[in-house]
Every structure is written in C-alpha cells, then in structure tokens.
Amino acid sequence: MLELRNIFLQVDGESGEKVEILKNLNIDFQKGKVYAVTGPNGGGKTSIAKVIMGIYRQSQGQIYLEGEDISDLSVTERAQKGIGYAFQQPPRFKGITIQDVMSIASPGADLVRIRSFLRDVGLCPEDYLDRDLGTGLSGGEIKRIEMAQLLLRDPLISIFDEPEAGVDLWTIQKLLGLIVSRYKHNPNKTAVVITHNEKIIPICDEILVVDGGTIAAQGPPEKIWHLIKDDIECKVRNQCQGEVTYGVK
Amino acid sequence: MELNKLEMDLLKSITDLETVPSGALNIRLNGKAVMRQSSPNISVGPNDEGTGLKVEIKPGAVNETVHVPVVLTQPGLLDKVYNTFIVGEGADATIIAGCGIHNDSHAISRHDGIHEIIVKRGAKLKYTEKHYGEGSEQGKRILNPSTVITIESGAIAELEMVQIRGVNDTMRSTVAHIHEKGSLKIIERLLTQEEQRAESDIMIYLDGNGSNAQVISRAVAQGHSYQLFRAALIGKAPSVGHVECDAILMDSARIRSIPELQAEDADAVLTHEAAIGKIAGEQLIKLMSLGLTEQEAVNTILEGFLR
Ligand SMILES: Nc1ncnc2c1ncn2[C@@H]1O[C@H](COP(=O)(O)OP(=O)(O)O)[C@@H](O)[C@H]1O
Ligand SMILES: [Mg+2]
C-alpha cells in the first residue's frame, strides 16, 4: 500500500546546522493491517507521519502509494490520492464550525453520517455541530474531532497521531479500540496508530518501534511485544541505564 | 419609482433584500430619497434642516425593522447626508443601513453619512451597516461614515459594520456615550485589498454606573492595502469595557492597531487584546491535508475569520 524507501529527513537546527531526524527509513505498510507505532518522545514518530503526508519533505528517498511514486506531490495531492493524517496537535480555527470541518473532510457527507461519526468519538452532535473550532474547546475535544474527521474521511491509509493525548483516561481505550476494530478486518485499507497505550499496542497487527529516527524494532505483537515493552517503558520514563536494544540486538 | 437592475443588485449586496420591502423604509439614490415610507410604529421623514432623515421608533414598539440603504450609481457624485435615529423607550428595533456604490468612471464617487443615534431608556437596537463597492474603471469609491450614539440607562445596542472589498477609501468615526447600566457591542469586519485604505476610529465613553462596552474587530488586509484601527475606552464610572482586535495580514499590506484605555474611576475594568499576524501555516496545512488546495484553504480560513 504505502512504501517508504531509504527516507532521510533533515531540518535546520537552532544554530543553523543540519539535524538529521529520520535516518534511512524503510517501511512497507500493507493493506488490511493496523500498525502500532510507538517509542520514546522525540524518536521521530510524528516526523514519519508528516513526511508521508507531505508536510515535511524528505531530503533523500522515495515514497510509493500503491506503486506510484508520490515523493514530489504536495499535501493536497497526497490527500486527494488517499493519505490521511490526524494531527498530534490540531490547529484551532476561528469561525469554522465542527460541521464545516467535517464537510470539508468528506465533501458530500450528509448530516446523518457526520452526526454518527461524532457520536462514535463520544461527542453529542446536538451540542457540537455548530460549535466553533476556536479556543472554546478543550484539548481532548479537539483531539476527538480530529479523529472523527479522519474516520469519516476513511482514506486508503489513515495515520492517527497519539489520539489518546488529552483525552480522559476512561475513554482512551474506547477511542483506540474503535480505530483498531474499524480497520483490523478491512482488506482494502491501512491504519497507523501512533500510541503509547499498552492495551492497544498488543492488539494491532504489527508493531513498529521508532527511536533515534530509525526503526529500532518491528514485528507482530505475539513475537516482539514481550521483548520490547520493558525497554519502551524505561525509555518513555527516561530511566534506562546503558544502551536499549528492544530485545532485538 | 422603480429601481433598475443595477440599483436592485446594489441594494441586494448591502441589505440581502431581493425586493423592496413593505415596512418602514428610505432608499436614497444618487443623493435623493427615491422611496420613503413609514409604518404604524416607525415614522420616516425629513429632518428639520432638510439635510437628511429623521427616523423615530415609537416607545414600546417591538420587533420593528427599518431599512435605510444608500445607493450611488452616478459617477462624480459627492453625497452627504445627516440622519437621526431615535429608538423610543422600551422599544426593540433593527435598523438596516448600508451603502452600495457602482462607479464605472474615472471620477470619484463619495458618500458621507453622518448619523446620530439615540437609544432611549430600556430600549434595544440592532444596527447593521454594510458597505459595498464595484466598478470597472479607476474611479474611486469613497465612504466616510460618522456615527454618534447615545445609549440611555438600561438600553442595549449592537452595531455591526461590514466592509468586504470594493471600497477604495473609508474613514469611519464612531463615538458612543453609555449611560447607567447601558450596554454597547460593536462588531467590525473589514477586508481591504489592492491599494485600498480603511480607517476606523472608535471612542466609547462609559459614563454611567454599570455601563458596559465590547468592541470586536476582525480585519484582513491584502495586496498593498492599509488599515488603521483605533479604539478608545474611557471609563468615567464603575463600568466594564473590552476591546478585541484580530487582524490577518497578507501580501505587502499594512495594519496599524491602536487600542487605548483611559480609566477615571477605580472601578472601571478596561481590557484589550490585539493580535496581528499572517494566516498560521499549521491551519493551511491542516486544511490541505483534508484535500483543499492552498487557495481554497486560504479562502476557507478568511471566510471563517470574517464570519
Ligand atoms: N521542524 C522541526 N525543526 C527542528 N526539529 C524538529 C522538527 N520537527 C521535529 N524535530 C525534532 O525531531 C525529533 C523527532 O520529533 P518527532 O517526530 O516529533 O518525535 P515523536 O513524534 O516521536 O515524539 C525531535 O528531536 C524533535 O525535536
Ligand atoms: Mg509526536
């Protein structure tokens, strides 16, 4: 479905020097699978998503969508071809309502459909449809709306960037579960969930651990989850001593 | 008298009216009143000096609307008018004003509207004024509205001013006096482009105990246009006032925003927020990731911002 080949990403550091954020990345996201992307903060997860969406431009390497080279396409063109990304930190808009943005996400979607997707992410449509995507919404509400847009859009590949962030503990599981259940047995689509959630990672089809701008470990949960989970936890908590190998080296 | 297609189109752009309404009304075309009618609760007539209009809404009358649009199609006309609006005690009324200019010539078309508005005790007023200009040649379209409004005790007024493109030059002055427990909200939405200039100068005197004022300005400046926004709150009594000015700057346009707070009473609570900036890159990218082109994303953001 979507292939990253020898992807490097450089950005300008604070004092003008080049900083390499992604280093020779090779990933093959397949149809019909749900991927969990995890790893410590600053590892490069969001950068991978942004390179796929075209928000960041890779300094080297190619990206293929269903065999077509999309490396030089704009964000708009990639969106139109079937790539979708739910932002880790979605921006706010003055004067644009939730109904407006849902209609932009899926042109032609009727109100019944829009309402049902809002309900799916735990938002009562009556209370939210006309609300502004401005400063009046909490971080958790903004994240749910972001997620509802992508679920409604339902592109070939959907990338959810830490959908749990800012969402209250009780509903995290439900939201993440919704993504997994919707895409787990969908033979034509791919879902990528960037998450730290220990209950969700093991029920995905494939785990990717991203650390230091590369894939530090990859495999199906039954093969690698027991090997990597302690390392991930200590990395996330910044308590590791010595080199972390995620049980693979 | 009937309005022709051009005149009717201009009328529609400033009032959203498809046909001439049946209620109280005054249509001023090229410096003359061409249609004028009163209704049982609203009298519409000439002022004592014969320089403009006097509109009076009867005390206690509710759900009343009066339209007072101005249309200019004759190039080179300098139109000046003095209008007085009195909203009677306890009344609840909507005044729909506005000016549409069509100028296909090289000459200047200009309308100066000088308004006095008195909102009597306990009355409620919603006043909207939309400006619209069009034309194919270099002839300038100039609008200089000036409004003095008095809000008597316990009265409420909301003024909404809208000018989206089309007007070359505008200098707006608004002065308000708010008495005890009176309340005023001013909303301005402005978009300038090319070489257009727009100035707005608002002075609000919070004269009475418990008076309250809110100014919300949303401005977009494109091309090489220039905008100057000044809003002063003068708190002379225990009162609450807030100015919020948000502007989006594009191309090589310039915006100057000068909020001023002047408190003469320790219990006057006056605040302002002002922000000028370009469209946030994150907002553009977000909308583009939903499939919009960059231009569509810009339009969507501006439309929302000015809504
Ligand atoms: N635009 C940028 N400019 C400079 N550094 C960046 C930029 N984007 C990301 N980074 C850096 O790249 C690294 C990876 O970031 P990110 O992809 O956001 O990680 P993750 O999502 O795994 O937490 C971090 O060190 C981050 O500070
Ligand atoms: Mg991230």
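Biologist: Which residue forms a salt bridge with B:Glu152?

Modeller: A salt bridge is a side-chain nitrogen of Lys or Arg within 4 Å of a carboxyl oxygen of Asp or Glu. In this predicted model, the closest N and O atoms of the B:Glu152 pair are 3.9 Å apart. The partner of B:Glu152 is B:Lys120.

Biologist: How many residues apart in sequence are the parts that this pair ties together?

Modeller: Helices (H or I, at least four residues) and strands (E, at least two) are DSSP runs, numbered from the N terminus. B:Glu152 lies in the loop between β12 (146-151) and β13 (156-164) of chain B. B:Lys120 lies in the loop between β9 (109-119) and β10 (124-134) of chain B, so the parts tied together are separated in sequence by 32 residues.

Biologist: Is B:Glu152 buried or exposed?

Modeller: Buried means under 20% relative accessible area, exposed over 50%, and partly exposed in between (1.4 Å probe, protein chains only). B:Lys120, at 29%, is partly exposed. B:Glu152 has a relative accessibility of 18%, so this residue counts as buried.

Biologist: At what pLDDT do side-chain atom pairs count?

Modeller: Residues are numbered from 1 along each chain as its sequence is written, while chains are lettered from A and ligands numbered from 1 in the order in which they are written.

Biologist: Where in chain A is confidence lowest?

Modeller: The mean pLDDT of chain A is 91, and 99% of its residues reach 70 or more. Confidence is highest in strand β6 (residues 83-86) of chain A, at 98. The lowest mean, 79, belongs to residues 221-236 of chain A, helix α8.

Biologist: Which residue pairs with B:Arg189 in a salt bridge?

Modeller: The closest N and O atoms of this pair are 2.8 Å apart. B:Arg189 lies in strand β15 (residues 183-192) of chain B and its partner in strand β13, so the pair ties together parts that are 29 residues apart in sequence. B:Arg189 is buried, at 14%. The partner, buried at 16%, is B:Glu160.

Biologist: Which three residues supply 31% of the area that chain A buries against chain B?

Modeller: Contact means heavy atoms within 4.5 Å, and 25 residues of chain A are in contact with 19 residues of chain B. Buried area is the accessible area (1.4 Å probe) that two parts lose on being put together, summed over both; here it is about 1,800 Å², with 63% from carbon and sulfur atoms. The trio that supplies more than any other three residues of chain A is A:Phe93, A:Lys94 and A:Ile104.

Biologist: Which residues are linked with A:Lys94 in a network of salt bridges?

Modeller: Between chain A and chain B the count is three salt bridges. In one of them, A:Lys94 meets B:Asp246 at 2.5 Å, N to O. The network links A:Lys94 with B:Arg218, B:Glu244 and B:Asp246.

Biologist: Which residue of chain B meets A:Asp100?

Modeller: The two side chains form a salt bridge at 3.0 Å, N to O. A:Asp100 lies in helix α3 of chain A and its partner in the segment after α3 (294-305) of chain B, so the pair joins two chains. A:Asp100 is partly exposed, at 25%. Its partner is B:Arg307.

Biologist: Which backbone nitrogen does the side chain of B:Ser105 reach?

Modeller: B:Ser105 sits in the loop between β8 (92-102) and β9 of chain B, and is buried at 17%. Its side chain makes a polar contact with the side chain of B:Asn103 at 2.7 Å. Such a contact is a pair of N or O atoms within 3.5 Å; within protein, one must be able to donate a hydrogen and the other to accept it, and residues adjacent in sequence count only if both atoms are side-chain atoms. The backbone nitrogen, at 2.9 Å, is that of B:Ala107.

Biologist: How far apart in space are B:Pro259 and B:Gly154?

Modeller: B:Pro259 is in strand β20 (residues 254-263) of chain B. In sequence, B:Pro259 and B:Gly154 are 105 residues apart. In space, C-alpha to C-alpha, the distance is 26 Å.

Definitions and conventions
This is a predicted model: local features need pLDDT of at least 70, side-chain atom pairs count only at pLDDT 80 or more; totals for chains, interfaces and linings use all residues. Side-chain values use heavy atoms; hydrogens and water are left out. pLDDT is the predictor's confidence in each residue, from 0 to 100.
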